[in-house]
There are 2 protein chains.
Amino acid sequence: MQKDLKAFFEPEGVAIVGASREPNKIGYCIFKNFVDNFKGPVYPVNPNAAVILKKICYPDVTEIPKPVDLAVLAIPAKQIPKVMEDCVKKKVKGVIIISAGFSEIGSRDLEEKILHIAKKGEIRIIGPNCLGVYDTFSKVDTLFLPATKLGRPKAGGISFISQSGAVGSVVLDYLATEGLGISKFISYGNAIDANEIDLLEYLNEDDSTKVICFYLEGTKDGRRMMEAARKIVKKKPILVLKGGRTKEGTHAVHSHTGSLAGDDAIYETAFKQSGMLRIENLMDMFTFADALATQPIPEGDRVQIVTNGGGFGVLATDAVVKEGLSLAQMSEKSKKKIKGVVPQYAIIGNPLDLIGDADMKRYEAALEALGNDSNVDAILCILLFQTVSLQPEVVRVVRGFASKNLKPMVVCSGGGEYAQKLMKELKEGSVPVFDSPDVAAKALKCLVDYSRIKKS
Amino acid sequence: MQKDLKAFFEPEGVAIVGASREPNKIGYCIFKNFVDNFKGPVYPVNPNAAVILKKICYPDVTEIPKPVDLAVLAIPAKQIPKVMEDCVKKKVKGVIIISAGFSEIGSRDLEEKILHIAKKGEIRIIGPNCLGVYDTFSKVDTLFLPATKLGRPKAGGISFISQSGAVGSVVLDYLATEGLGISKFISYGNAIDANEIDLLEYLNEDDSTKVICFYLEGTKDGRRMMEAARKIVKKKPILVLKGGRTKEGTHAVHSHTGSLAGDDAIYETAFKQSGMLRIENLMDMFTFADALATQPIPEGDRVQIVTNGGGFGVLATDAVVKEGLSLAQMSEKSKKKIKGVVPQYAIIGNPLDLIGDADMKRYEAALEALGNDSNVDAILCILLFQTVSLQPEVVRVVRGFASKNLKPMVVCSGGGEYAQKLMKELKEGSVPVFDSPDVAAKALKCLVDYSRIKKS
């Protein structure tokens, strides 16, 4: 069986089997995604239609006159073996089976039958019972919900493998609104062929993937997963959220995907030993991944806090210490530089409190000094935009500092419309922003942990 | 000294000392807030102006021909003793001193002097070095930032006492955007007279305050705080976020407000023994407070999860168990009712998985059954709006259920623009919404904890 999964992400030609003219049908939505966005040729397959969206429709895959690398199947389960045989004849390399109605409702035989045909024809399968693939570069997009209901994130460095379609779709929608960029999304469903480990290995070789996020309920081959992960994390971080941590959650997993979630202690050990970063909160997984994708790796764990609000400085200090990170002690040289710019009542320590009347100039001087201070490994920069004196142009200063890549930095900021707008501008400039000091500190912990994993 | 703090929140007449004609000045912003919104008479005081915002300006407080309950002082620190003497003559009941330049920069003598005058005249003081008061009912609003930079939350049941002005202002701004309602906000600064305990006691008697949120860095009288809290929590919950948990944070507190943050273990014990709910995350404090303000108190800790996404059901199960809550076992009667409405492949357990093709009717039937099920104490309802079959009108169903007040409920939902709009509609209908299952479970834990405190 062909090892390479490239046909799923960079196919030369794509057939949409079950393409439909009716806008409410899944086969319409998927076909339209390809017609609107996919860069290569796409062919509708439907024996009951002649033309769909101005494209000539074929009765079956073998009738398509040009090469087809990828077939996307959105047809009733029992019709799939016949279509698979056609795909073998057509020398299709990859098939994504969106359709449900397989082992998740007890039809394991049908899965076996399909797999048997695929092996014969050296076809790789993603699915069945899945959302399939969304690739922001090639524009392969098998998500069967229109962009009005489910946003599509922009191109970026995060790839996301999800055992759950619902988790995947909600996250994509969230990322689109947050302005976070992804490379590839794969919902692999029942995984009768390509499974989470194959996908991890593929993403390891994929240059546009900088960070891998992974929602997992259970794996059939823990040892192979660990071996794969151990290799990958030397090149790029893997963040994992495991559904079924508790006994009761494990039970729920069994009802959901039929996976054996297994004892959480075993997974915990496996994640630790193979260097995967375990995350607790679903949305945090992606904001932390964004920090990993955009920021340089810290040399150590010494964090310098910069603030224009004393209370936030206090909360950030607690959070940094609680995460087991160290408070940096800036050099005398940095202190001297900063003293030259801030008023006497500023507190030059850690937190570095630039005081409520701070303007962008104070931030500029502080960041410049800290960026070149070898006593500082990372910066937690608090920006309270609501004060009288802080100009909105401070965003330019902070983005400018981030673009120099001198030290990893996360920003903590919060508030309403005015602040949200500026926070968004920071995010667009590859500056990770968190609205609570404790989450900002957790993101830094993630960076420090990955730095240790990479070095070890 | 007068015990009652009513003059700060429901004054008959208000003098703004330091009112200014220049829009960039603090004295302009505060005066304008009152002119635009305050329901009673307001008088500008400034010896260098005749008229401000079409109101006759007085050279000093004693010249105002009508009664003045409250004076707001936004003038240089050293001018304040003289103004305090005027306030005594005028029989002012409360003074809010916004100005900084006191003990926080070493001028303790000036504070003593002012306090001496206040005692003589039975005047209560909030401040100095504070943001003062924002009352959504009376429209007392001493926040010196215009609404364009700092949003003002609508009226609601949460009151918020903050030792830090910056923490307070960012939170208010956030609440305004989130659509959460507050009753009173008080930033008390150096607290030379009215302190956190006086304010807690006042809020206990305030009918419009349903839940108290409290950002604290340190108290001078732990015993009295505990005594006050113990009484209050029988009537309404207190959520507390303590700045200075760690040794390093305590050090930062000392630089910030000069408070003695003290050993965290002592505070931890004090909060537990007096029934205050300790919160870790700043923004969570307010979303949890909203859940407490809008939801009935649960009878026990048995949580029923309802979902249209299996993966979210798994994550919610893990989260509920991790918080130490129980999974409810719905009655046979409920099972039967739900079975009559859902297809055979739905999973009638806990989680109750209505499956990805669920429509609003399934939610309606499930909530109706669970709302009347004595085996269920609280509901964690997951709504993935992105699916093909779930109509946006499900919002009406969920709001309708919430308005019956049968059981406490929190919703977990997430995503982009489309989902966010519906989530907002839920919030506006007094349904607490969280974007991650683990935070939704934490909110329920907070409700269950308060139920125990209230009963104990």
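What follows is a chat about how to read this predicted model.

Colleague: Before we start, what should I keep in mind about numbering and confidence?

Modeller: Residues count from 1 along each chain as its sequence is written, and chains are lettered from A, with ligands numbered from 1, in the order in which they are written. Since this is a predicted model, local features need pLDDT of at least 70 and side-chain atom pairs count only at pLDDT 80 or more, while totals for chains, interfaces and linings use all residues.

Colleague: Okay, overall build. How many helices and strands does chain A have?

Modeller: Helices (H or I, at least four residues) and strands (E, at least two) are DSSP runs, numbered from the N terminus. Chain A comes to 16 helices and 19 strands. Its C-alpha atoms fill a box of roughly 80 × 50 × 35 Å along the principal axes.

Colleague: And what does the radius of gyration say?

Modeller: That value is taken over C-alpha atoms, and the globule rule is 2.2 Å times the number of residues to the power 0.38. For 456 residues a compact globule would sit near 23 Å, and chain A has 25 Å, which agrees. As for burial, 58% of the residues of chain A count as buried, where buried is 20 or more other C-beta atoms within 10 Å of the residue's own, exposed is 12 or fewer, and partly exposed lies in between, with C-beta atoms placed from the backbone.

Colleague: Which domains does chain A split into?

Modeller: The bounds come from an automatic or database assignment. It gives domain 1 (1-129), domain 2 (150-294) and domain 3 (296-455). The centres of domains 2 and 3 of chain A are 29 Å apart, over C-alpha atoms. Contact requires C-beta atoms, placed from the backbone, within 7 Å, and by that rule 13 residues of domain 2 of chain A touch 16 residues of domain 3 of chain A. On the domain 2 side, helix α10 (residues 282-294) of chain A gives the largest share, seven residues.

Colleague: How do I read the interface between the chains?

Modeller: Interface size is often given as the accessible area lost when the parts come together. Here we have residue counts: 63 residues from chain A and 63 residues from chain B. On the chain A side, α11(A) supplies the largest share, 10 residues. That side divides into 25 nonpolar, 26 polar and 12 charged; Ala, Val, Leu, Ile, Met, Phe, Trp, Tyr, Cys and Pro count as nonpolar, Asp, Glu, Lys and Arg as charged, and the others, Gly among them, as polar.

Colleague: Now sheets. What is the strand order in the six-stranded one of chain A?

Modeller: Strands pair through backbone hydrogen bonds, either parallel or antiparallel. Pairing here needs at least two DSSP bridges. The order in this open sheet is β8-β10-β9-β11-β12-β13 (chain A), with mixed pairing, and the edge strands are β8 (132-135) and β13 (277-278) of chain A. Inside, β9 (residues 155-162) and β11 (residues 211-216) of chain A are parallel over five bridges, with Ile161(A) bridging to Phe214(A).

Colleague: Which way do the residues of β1 of chain A point?

Modeller: In a regular strand the side chains alternate between the two faces of the sheet. In β1 (residues 14-17) of chain A, Val14(A) and Ile16(A) point one way, Ala15(A) and Val17(A) the other, and all are buried. β1(A) runs parallel to β5 (residues 70-73) of chain A over four bridges, and Val17(A) stands opposite Leu73(A). Four bridges also join β1(A) to β2 (residues 42-45) of chain A, again in parallel.

Technical notes:
Two residues are in contact if their C-beta atoms, placed from the backbone, lie within 7 Å.
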